[in-house]
Amino acid sequence: MSNKKKVGEIDDSLKELTKKIDNIKKENINKSSKYQNKQFSGFSHAFKIVSDLFANILVGGAIGWTLDYYFNTKPILLIIFLIIGFISGIYTSYKSTKKLQNIE
Amino acid sequence: MTEKHSPLDQFTIQRIFEMKIGNIDISLTNSSLMMIAVLLILNVFLIYATKKKSVVPGRLQSIAEMSYEMIYNTTQSNLGNDGKRLFPLVYTLFMFILLCNMLGLIPYSFTVTSHIIITFALAFGVFLLATILGFVLHGHKYLRLFLPKGVPIFLIPILVPIEIVSYISRPISLAVRLAANMMAGHTIIKVFASFVVVLGIWGIAPLLFIVVLYVLETLIAFLQAYVFAVLTCLYISDSFHPEH
């Protein structure tokens, strides 16, 4: 009887140990990735925002111009989509900045 | 003498060996020669560096291991466990762009990544992969990416075009960032190099400036390759979890 109890206790402590080890492993992964990210995240984020602003306006203008060409509505859609492109450029950089803040 | 050397001359593509299949020009140019060189150097370096597999790594082995670990951690932190399957792709992209940028810094060589068509081809490949992967994993639910949760109904006609434009602009943003950074840096160096010739003895000032610029350019060459890898991870992670 007493032997069986001991086996059960050992099982429990083993489970606790595996839990502890798992937790430490998780923490280590998080630590290393955070450290890795912090080194370059500022730079990469700055580059991302600059080119996002540019590319969104470009794509908006291209879509507007193409639709104008097919529907014969010359400047109207171009203007609308340029504005949409501008808004989406700011919206994208706002979203990615918010994500960055959540990580930190 | 100086008028003939435009700062943009370094980006012209020259045919080294002319080849044609039908009407398609497949000549060996200085650009494709550089790419072949990059692939050769990359393969030889990585195979040679990891040949010994000593516990205490030597110089080459530790460079190979560092680059591997850096990209592995990046894919892990951005993609989680799904990152293991995509790690080879991200690592290949990173090493290829890094070596293209770095070899371009050697005088008289050619910077492959300064041409927007090449960076766009790389970026569009990533974009296609992310889109196809998203539709394969989620079916039509992948379109939820364009409609964030908890949006009021009257905002939908405004928000959906915005999300679509921002999605399409991803590969263009990737391509323009890399190409513009490489081209701008190399052009600035060339412009300041022409000042050295013109200024005579006072040319020492721009010469010193070029030295500093070269350090900055090396940093940017590395950083742009890293940014490309990180954003590849980010875009692909959207196709795994489109709900965010």
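**Before you start**

Residues count from 1 along each chain as its sequence is written, and chains are lettered from A, ligands numbered from 1, in the order in which they are written. Because the model is predicted, local features need pLDDT of at least 70 and side-chain atom pairs count only at pLDDT 80 or more, while totals for chains, interfaces and linings use all residues.

Colour by pLDDT (the predictor's confidence in each residue, from 0 to 100). Chain B averages 87, and 97% of the residues score at least 70. In chain B, confidence is lowest in strand S2 (residues 20-21), at a mean of 80. H4(B) is the highest, at 92. For the complex, the predictor gives an ipTM of 0.78 and a pTM of 0.82.

**Select chain B**

Its C-alpha trace spans about 70 × 55 × 50 Å along the principal axes. Six helices and four strands make up the secondary structure. These are DSSP runs numbered from the N terminus: helices are H or I with at least four residues, strands are E with at least two. From the N terminus, the order is β-β-β-β-α-α-α-α-α-α.

Contacts here mean C-beta atoms, placed from the backbone, within 7 Å. Among contacts in chain B between residues at least 6 apart in sequence, 63% join residues at least 24 apart. Of the 244 residues in chain B, 26% are buried. Buried means 20 or more other C-beta atoms within 10 Å of the residue's own; 12 or fewer is exposed, and in between is partly exposed, with C-beta atoms placed from the backbone.

**Select H5(B) and H6(B)**

Take helix H5 (156-199) and helix H6 (204-240) of chain B. They pack at an angle of about 175°, with axes 10 Å apart. H5(B) is therefore roughly antiparallel to H6(B), a label for angles over 145 degrees. Axes are lines fitted to C-alpha atoms, for helices over the stretch in contact, and angles run from 0 to 180 degrees between N-to-C directions. The residues of this contact divide into 19 nonpolar, three polar and three charged. Nonpolar covers Ala, Val, Leu, Ile, Met, Phe, Trp, Tyr, Cys and Pro; charged covers Asp, Glu, Lys and Arg; the others, Gly among them, are polar.

**Select the core**

A nonpolar core is a set of buried Ala, Val, Leu, Ile, Met, Phe, Trp, Tyr and Cys residues joined through C-beta atoms within 7 Å. The largest has 45 residues. Those with the most contacts inside it include B:Phe94, B:Ala175 and B:Phe228. H1 and H2 of chain A are among the elements giving it two or more residues. H6(B) gives the most, twelve residues.

Centre on B:Phe228. Beyond its neighbours within four places in sequence, B:Phe228 contacts B:Leu93, B:Phe94, B:Ile97, B:Leu174 and B:Leu178.

**Select the interface**

Here 25 residues of chain A contact 20 residues of chain B. On the chain A side, H1(A) gives the largest share, 19 residues. That side divides into twelve nonpolar, eleven polar and two charged residues.

**Last stops**

Go to A:Asn72, in the loop between H1 and H2 of chain A. Its phi is positive, about 55°, although it is not a glycine. A:Asn72 counts as exposed because it has 6 C-beta neighbours inside 10 Å.

B:Tyr108 lies in the loop between H3 and H4 of chain B. This non-glycine residue also has a positive phi, about 75°. Most residues other than glycine have a negative phi.

Key
Two residues are in contact if their C-beta atoms, placed from the backbone, lie within 7 Å. Angles under 35 degrees count as roughly parallel, over 145 as roughly antiparallel, 65 to 115 as roughly perpendicular and the rest as oblique.
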